[in-house]
Structures are given as C-alpha cells and as structure tokens.
Amino acid sequence: NKTRCLIPGPPSKSLVFGHAVELAQTPVGTCYSAWERMYGPTYMLHGPFLQQRLVIGDPKGLQFVLSRKSFERNAADRAALELFFGRGMFSAEGDEHARMRKTLSGAFSAQSIQEVSHVFFELTDRLVNEWIQNIDTNPIFDISAAIQRLTLDAISMTMFSYDLTTAKSNIPILLQKITNSPPSGKLMILLESLAEKFPVMLNLPSPMKSWCNTLRKSLGVIAEDVWSGREGAGMHAKLLNVLSELGFQNLKEKADVPVTETIAQIVGILFAGTETSANVIVECLYELSKNQDMQNKLRTELVEFEAQKGRQPNIKDLTSTVALPYLDAITRETLRTKAVLTSISRDEYIPLQFPLKGVPPQADQYMVPVKAGMLIEIPVRDGVNVSERIWGNDAKIFNPERWLSPESTAVVNSPSHLLTFGDGPKICLGRIFATAEFKVVISGIIRRFRLHKEEGLEFDFYHMGGNTIKPMVRGQQDKGPQMPLKVNILD
Ligand code: HEM
C-alpha cells in the first residue's frame with residue numbers, strides 16, 4: 001500500500017497496543033519531540049489493533065486541518081463525552097456546534113470577562129491569606145490543591161453564580177475523582193479502543209460513569225436554583241444567563257431536552273476551564289520556583305508599577321500586552337511550553353510545508369493522503385509549541401525573554417503557531433477568561449511570596465483522566481498528583 005509506506009514513523013513495539021501504552025504511561029514530553037527529530041513533523045503512529053494515527057506537526061498541514069469547518073472531533077471521544085456529560089459543545093458538530101458556540105460566546109467576550117474579573121482578584125486574595133496562615137505551621141506544602149480549587153471557584157462563581165466551596169457541594173470531590181483517575185492501564189487502553197468500534201460497551205457500568213451521573217444531577221439542582229432567582233451576592237451567572245436567553249428560564253414549561261443540554265454545557269465548561277487553567281498556573285509557579293531571577297524580575301515589574309501609579313494593577317493593566325511586559329512574556333511562555341495535547345480527525349488530503357522525511361523529492365512529499373477512519377493527531381505541548389523548526393534551538397527551554405524582542409522567532413511566529421488554545425472554528429472559547437485569570441493569580445502570588453523548589457525533589461508530568469496533565473513527585477507516584485514547593489512570605 002503506497003500510502004502506508006510513504007509516511008515515515010516509529011515501529012510499533014506491540015501489535016496489540018501500537019504506541020498507546022508508551023503514550024499513556026510515560027511522562028509528558030518524552031515521546032513526540034524525539035519522534036519529530038527522527039521522522040520530521042509529519043509521521044505515522046499506531047493505536048491498538050493497528051489503528052493508524054497520523055501525527056501532523058507540520059505548520060501548513062495543521063493550519064489546513066484546524067481551519068476547515070468540516071473537521072470533526074474524534075467520533076469515539078464524542079460518543080463517550082455525550083454519554084458521560086450529555087449533548088453539549090464538545091459532542092456536537094456542524095450547524096448544531098455553531099449554534100451552541102454562538103449562544104455561549106457572549107459569556108466569554110472580553111467585556112464579560114472584565115465584568116467578572118473582580119472574582120479572580122477576590123479568590124487570589126483568599127488564597128494568599130490562606131497560604132500566609134499555612135506557612136506559620138508548614139512552609140512546604142502542595143500548592144496544586146489550592147490552585148485547583150481557585151480555578152473551580154472562578155468558573156462556578158462567574159458562570160453560574162455558585163460558590164461551590166462554601167456550599168459544601170459534592171462537586172469538587174467528584175471532579176477530583178474524575179480528573180485524578182490514573183493514566184490508562186493496559187486493560188483500559190484495550191477497552192477504550194474496543195469502545196471505538198463497539199460504542200455499546202460504553203454502557204457498561206463504571207466508576208467514571210457513576211461519578212458523571214451524580215455530577216450531572218448536582219449541577220441540575222444548581223441550574224434550577226439560579227433560574228428560580230437565587231443569585232449569590234458578588235457572583236455572576238454569565239453562562240446560565242446566556243443559556244436562559246434561549247428560553248430555558250421557565251423550566252417547568254419546557255421539555256427536558258434543553259435542560260439536559262444546559263447541564264451538558266455547564267459540565268463541559270467545568271471540565272474545559274478548571275483543570276486546564278489550574279495546570280498552567282501550577283506549572284508556571286513551578287518554573288518560577290526553579291528560577292529566582294525570573295521571580296525577582298516579575299516582582300520588580302509589579303512593585304515598580306505600583307510605585308509609579310500609586311495603585312495595584314487592575315484587570316485592564318494585567319490583560320494589556322504593554323503595561324506589564326514581563327508578566328505578558330511569562331504568560332506567553334507558559335502557554336507555549338505547558339499546553340495540553342489535542343487530537344483531531346478528518347478525511348482529506350493535507351498539504352505540507354516541510355516534506356515527508358525519507359521520501360524521494362517529488363510532489364507527493366508535500367501531500368499526505370488521509371484515509372477514512374484514520375485518526376489525525378496534532379501534537380501541541382511536546383510538538384508544534386516547542387518545535388525547533390519553528391521556535392529556534394532553545395525551543396524546549398522555558399525562557400520568557402524570547403517574547404521581549406520584537407524580532408525574536410517567538411514574536412514572529414506567534415500567534416499562528418501557538419496552539420495551546422487550538423485554532424480555527426473550535427478555538428478555545430475560554431481563552432480570554434483563562435489568560436485574565438492566569439495573570440491575576442500569578443501576579444498576586446509572586447507579589448506576596450517567594451517560591452523555591454526543594455533540592456533533590458524531582459517532578460514528572462503525566463497524562464491523567466479527562467485529558468489533564470498533572471505533576472507527581474518522582475518516587476512518590478503512589479501519593480498521586482502534588483506539587484510541594486517551599487513558600488516564603490515577603491514583606
Ligand atoms: C489555559 C487554559 C486552557 C487551555 C489550555 C484550553 C485549551 C483548549 C483547546 C486546545 C481547545 C480546542 C479543542 C479542540 O480543538 O478540539 C479548547 C476548547 C474549548 N475551551 Fe478551552 N482551554 C483553557 C481554558 C478554558 C476555560 C477557562 C474555559 C471556560 C471558562 C474553556 C472553554 C472551552 C470551550 C467551551 C471549548 C470548546 C470550543 C468549541 O468546541 O467550539 N477553556 N480549549
């Protein structure tokens with residue numbers, strides 16, 4: 001078969017599993033960049049049962065895939081998401097997806113985020129005060145749990161006017177169970193792959209399914225509460241308000257379907273917006289804890305801003321790219337190097353910028369034939385975002401300075417090659433929310449604390465449930481995800 005032999009790629013270690021076990025179980029950042037070096041940015045991997053997975057790290061090829069409206073998310077993932085969460089944005093396609101996106105986008109506009117941003121500041125203050133108390137008894141603690149709670153509260157208090165923490169809700173625990181579930185073992189990899197071919201298997205009872213059912217029920221109760229007029233002081237229900245504009249507000253008179261859809265959207269946003277934001281904040285603090293010069297530079301920028309203006313930076317200053325340039329550079333560098341990976345599937349010819357490796361020069365080098373059923377994967381975190389072809393020799397190094405010179409490769413290549421939020425018609429809806437929240441939290445923490453990574457403690461980052469990436473201490477994987485750092489209070 002011409003297609004198969006034309007596309008280079010690493011040999012499968014196992015006929016049954018393909019590359020799936022390697023990808024699920026090794027720390028993030030170990031596979032794709034090595035493969036890119038060997039096979040170029042476009043190559044073939046295999047899933048279980050010889051399923052072909054075309055990896056497209058080629059800039060022209062991936063822009064082609066992402067910009068086409070017709071590209072659909074992986075059908076098996078969509079089926080699972082619909083079963084677990086209900087039919088929402090992540091399981092819909094085509095006109096239905098466009099309609100949902102149009103409805104929700106009002107809640108995520110720049111203006112809407114400005115209106116709710118005081119919640120980010122309040123939550124950061126709450127975290128800073130809690131840490132100050134913590135430090136009295138123990139200066140070395142896991143920072144990740146508090147950050148996860150902050151991002152969960154930020155979504156729930158701004159999008160559906162609900163303070164999950166003080167309401168003693170079961171939702172934070174359910175979310176934690178779902179996203180801390182360990183990386184897939186061999187049995188799960190096989191079951192997931194079988195479910196792609198036989199979706200009926202998804203109906204089998206599983207802990208994941210029952211957590212999701214309980215989560216949907218609890219969120220349904222919240223939606224009803226908010227619609228019946230109970231809105232918390234200082235909180236917002238941006239998401240529920242845009243959904244209710246569609247005519248869902250009068251629950252009793254409406255059919256069940258829109259309510260299910262509403263709940264599906266809330267669950268989708270909770271998943272899309274909490275762990276993702278928490279991931280990038282924790283990973284940024286980790287980088288800063290290893291580099292006191294970067295911390296000092298950021299802190300000095302914040303202190304000088306306050307001295308000059310006679311006030312703390314507000315949301316407009318924080319989200320501008322010029323008022324606090326080093327904070328902006330740290331933000332971009334974190335988004336570049338700490339992204340989550342995406343997989344996209346479609347059935348087309350994909351044109352390339354860089355030729356397929358090992359293929360004699362001819363027109364075919366620049367064309368990838370994609371067969372129906374082949375999964376297309378665009379490697380982001382360990383791929384395009386840190387590709388030396390795009391970002392230069394130091395591509396893998398966390399170096400915010402790269403954003404400060406107008407001629408640097410980073411500035412020239414951004415934003416078209418920064419794929420952290422995806423691109424095209426399905427680009428992340430919450431990117432303004434996430435960036436604003438990130439800057440408020442990072443500046444609030446670095447202004448008040450000095451962070452240190454403990455000597456001798458090594459961290460690896462693993463793929464976990466719900467497509468998240470979490471830190472574990474090397475040798476202490478049994479304790480689950482954690483990020484213990486030494487935190488000192490500054491005067
Ligand atoms: C740093 C944090 C975040 C990252 C890295 C991130 C990443 C992404 C990516 C890569 C996609 C595209 C997936 C695809 O093409 O299949 C996406 C979609 C989406 N994200 Fe985010 N996200 C973040 C934060 C948020 C937040 C805070 C929210 C909501 C408050 C959110 C809501 C969404 C939604 C609704 C979509 C689906 C868009 C669509 O289907 O049209 N995200 N996100």
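Visitor: Which residues come nearest to the ligand?

Guide: Of the 23 residues around the ligand, those are G273, T276, G422, C428 and G430. A residue is near a molecule if its C-beta atom, placed from the backbone, lies within 6 Å of it. Keep in mind that this is a predicted model: local features need pLDDT of at least 70, side-chain atom pairs count only at pLDDT 80 or more, and totals for chains, interfaces and linings use all residues. Numbering starts from 1 along each chain as its sequence is written.

Visitor: Which elements give two or more residues to the shell around the ligand?

Guide: Those are α13 (256-273), α14 (275-289) and α20 (431-448). The largest share, four residues, comes from α13. Helices (H or I, at least four residues) and strands (E, at least two) are DSSP runs, numbered from the N terminus. The protein chain has 20 helices and eleven strands.

Visitor: How do the residues of that shell divide into nonpolar, polar and charged?

Guide: Twelve are nonpolar, eight polar and three charged. Here Ala, Val, Leu, Ile, Met, Phe, Trp, Tyr, Cys and Pro count as nonpolar, Asp, Glu, Lys and Arg as charged, and the others, Gly among them, as polar.

Visitor: On to sheets. In what order do the three strands of the open sheet come?

Guide: The general idea is that strands of a sheet pair through backbone hydrogen bonds, either parallel or antiparallel. Two strands count as paired if DSSP finds at least two bridges between them. In this open sheet the order is β3-β11-β8, with antiparallel pairing. The edge strands, β3 (140-142) and β8 (449-452), each pair on one side only. From one strand to the next, the twist averages 40 degrees; such angles run from 0 to 180 degrees between N-to-C directions, with axes as lines fitted to C-alpha atoms.

Visitor: Which residues stand opposite each other there, say for R450 and F141?

Guide: R450 faces N488 in β11, and F141 faces L485 in β11. H452 has K486 of β11 as its bridge partner. Four bridges link β8 to β11 (residues 484-489), and three link β3 to β11.

Visitor: Which residues touch the most other members of the largest nonpolar core?

Guide: In soluble globular proteins, nonpolar side chains tend to be buried together. A nonpolar core is a set of buried Ala, Val, Leu, Ile, Met, Phe, Trp, Tyr and Cys residues joined through C-beta atoms within 7 Å. The largest one here has 103 residues, and L239, V267, I281 and L285 touch the most other members. Its largest share, nine residues, comes from α20. Leaving out residues up to four places away in sequence, L285 touches I143, I445, L451 and L485.

Definitions and conventions: A residue is buried if 20 or more other C-beta atoms lie within 10 Å of its own, exposed if 12 or fewer, and partly exposed in between; C-beta atoms are placed from the backbone. Two residues are in contact if their C-beta atoms, placed from the backbone, lie within 7 Å.
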